[in-house]
Amino acid sequence: MPATPRRVGLFVTCLVDLFRPTVGFAAVALLERAGCEVVVPRAQVCCGQPAYNSGDRADTKAIARNVIDAFEPFDATVAPSGSCAGMIKRHYPALFAGDPVWEPRAQRLAARSFELVSFLTDECGVESVDARHEGTVTYHDSCSSLRELGVRAQPRRLLQSVDGLELNELAAPDVCCGFGGTFCVKYPDISGRMVADKAKDIAATGADTVLAGDMGCLLNIAGRLSREGSDVKARHVAEVLAGMADRPAIGAPARGR
Amino acid sequence: MDATSRSFVANARAGLQDADLQTSLARFQGGFQVKRVEAAKRLPEFEALRDEARAIKDHTLAHLDHYLERYEEQVTAAGGTVHWCQTPEDARQVILSLCQEADARTVTKSKSMIAEEMELNPFLEEHGIEPVETDLGEYVVQLAEERPSHIIAPAVHKTKDQVADLFHEKHTPLGRTRRLDRVEELVEEAREVLRPRYLAADVGITGANFLIAETGSSTIVTNEGNGDLTQILPRAPIVIATLEKVVPTLEDATTIMRVLARSATGQEFSTYTTVSTGPRRPDDADGPEAYHVVLLDNGRSRMLGSEFREVLRCIKCGACMNHCPVYGTVGGHAYGWVYPGPVGAVLTPNLIGLEEARHLPNASSFCGRCEEVCPMRIPLPGLMRKLREQEFERRLSPAAVRSGIGVWAWLARRPALYRCLTGLGIRVLGMLGRRRGRFTRLPLAGGWTAARDLPAPEGATFHALWRKGRRA
């Protein structure tokens, strides 16, 4: 088992911060159970993807420098998102290529940045979680987790260790849900069709809950499921792994009102 | 060809609403994807071959002038002629004069995307020369007076029933009055109609998958044998190709071919591989009287010296479009010019201008499947992002997008202010959405809520809760 990095900087991600704080708390719980000390740097906002994917390199760099400054002190930077972790790990070094000061700093940070679930399994040696979840779930691979970071087996392995949980695979778990950041609002017809296809695939599994590791995909999928009047719930995989799936699902009414 | 890439959004909508197109797309993508995976599995060295294929092309592109000159020397030594053409117009004129020299009335053609770039068919028709497409898909597209919607499966947008109706309509004047409904019958009828056309053709125009520098040969792969017949039967064969098709040796070509068919259709090799070198030699039993190669630049040498060089590794296998979820929902015609799908999203803006084609590199969710399956490992999403950067720098993106990103980015660099504003906004949104858990409509979020609800936020930001000491 690899030595557990002691101090972890949690990169919360904008969507978790704004829409689903529960995922942040689930991440903290999982990291602490794995023996990490979790710090949430104040000076974080976003990894810069909206600017990066809109072609605005200058703003992306400015944002990236903030992130590098804020997360350099930690043994590891962990995000509950393949997309944001992929941005830091794969794209920051490229963004600063040729910059004598920032390229090495970006590379150092990239080498120590991870997506949450794969960090738990691959870096902390976590093989099972102490959680219970009655029901059948399915798992959607986010494109960046899968193709930028090679995260495929890790979440499935941990989900298998959850008591009472049954995992039914999608027919096409690796096909994009149609979120794509600004893509989904720039091309709503196409994105809408892609997420409708995803919802069909989810329904065909018979699962009562769809899980994924990225809030972007999850907001998109949950929004489509609720638009279709589906009963299938959507949650971040960390919520189930941390035993926090007793809260209302994404897009479900709050309790007690 | 008049590009309609500018109206990509409307084209895409039309594609989404076209039931026949949707039927065709759903069937074809799944089939190609499974076949590619299986073909790759059967070849343990597939990934290593991809690396080798990429290295061959990278080396060639780095020394393109050398290999092109060597290629021309060898073509000349074999008795052929290379015509260097900068623009599609130059190429059209060369082809026309070659056709006129051969006194051509009919020209057979095997599939070539370069001919589409040149808009060759309408040009030949204007000059009284009848072009006959011999690839079955291209033949269908020509009869229907359409354009190819896929680079290796030009008529993939059509259902069998549409083809049956088309053949019935267009072949009735030839005395073939029965409407056929089995695929085999349709193929047979096309074969019977095309066979005499090959024999009657004066000139045969073929594309090239590879030009071989060491031998001056051109190579085409087909599954129908139509390339052979187009090249061998007429008196005057013409090969048309763009600069980047050259590779140093025959062995290099065969190495790349091992990933080409597997990536394209899942075949180990295409059914026919044709290598042709020069005209008939004095002691040959037969063969063509002349051998002409029309070598088109059309922007390639400019791309060679740009940050888009890597897309010139493309071997036109179509794997990126077979795996692209956007292509799979809107079809190839939506892209509005010769090359659809991810590789089209990079090539088209480079060849006809970013002003015309700015939608194409934007209409990608950057899911990365194209790069994952590209046999030549072209970083297609990365190249699309470079085009978005050019668009942003040249202020071609819509003002609303630019200012939206600007405001957001300004705020994202000021964590305290960002926290204050978003904390407030999220509290309001959380309260409004608490009862139902979602919004079906929201001001300024029409792009989102057109196709899905917006899940309501939980109500406080993580940072606010964390600061207050909440830990679960």
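A residue counts as partly exposed when the number of other C-beta atoms within 10 Å of its own falls between the buried cut-off of 20 or more and the exposed cut-off of 12 or fewer. I keep that at hand for this entry, and I note that the model is predicted.

**A62(A).** I looked up A62(A) and found it in helix α4 of chain A, residues 57-71. It has 16 other C-beta atoms within 10 Å, so A62(A) is partly exposed. I also checked A62(A) against V240(A): they are 178 residues apart in sequence, and their C-alpha atoms are 35 Å apart in space.

**Helix pair.** Next I followed α4(A) to its packing with helix α6 of chain A, residues 102-111, where the angle is about 60° and the axes are 10 Å apart. That angle is why I write α4(A) down as oblique to α6(A). Their crossing is left-handed. On the α4(A) side I listed R65(A), I68(A) and F71(A), and on the α6(A) side W102(A), R105(A), A106(A) and L109(A). Sorted by class, this contact has five nonpolar, two charged and no polar residues.

**Sheet.** Then I turned to the open sheet of chain A, whose four strands run in the order β6-β5-β7-β8 with parallel pairing. Its edge strands are β6 (163-167) and β8 (233-236), each pairing on one side only. From one strand to the next, the twist averages 35°. I looked at β5(A), residues 132-140, which pairs with β6(A) over four bridges in the parallel sense. Here R132(A) has D163(A) of β6(A) as its bridge partner. Helix α12 of chain A, residues 215-227, packs on the sheet and touches β5, β7 (209-212) and β8. The direction of α12(A) makes about 170° with that of β8(A).

How values were computed
Residues are numbered from 1 along each chain as its sequence is written. Chains are lettered from A and ligands numbered from 1 in the order in which they are written. This is a predicted model: local features need pLDDT of at least 70, side-chain atom pairs count only at pLDDT 80 or more; totals for chains, interfaces and linings use all residues. Helices (H or I, at least four residues) and strands (E, at least two) are DSSP runs, numbered from the N terminus. Two strands pair if DSSP finds at least two bridges between them. Axes are lines fitted to C-alpha atoms, for helices over the stretch in contact, and angles run from 0 to 180 degrees between N-to-C directions. Two residues are in contact if their C-beta atoms, placed from the backbone, lie within 7 Å. Angles under 35 degrees count as roughly parallel, over 145 as roughly antiparallel, 65 to 115 as roughly perpendicular and the rest as oblique. A crossing is left-handed if the near helix is turned anticlockwise from the far one by less than a right angle, and right-handed if clockwise. Ala, Val, Leu, Ile, Met, Phe, Trp, Tyr, Cys and Pro count as nonpolar, Asp, Glu, Lys and Arg as charged, and the others, Gly among them, as polar.
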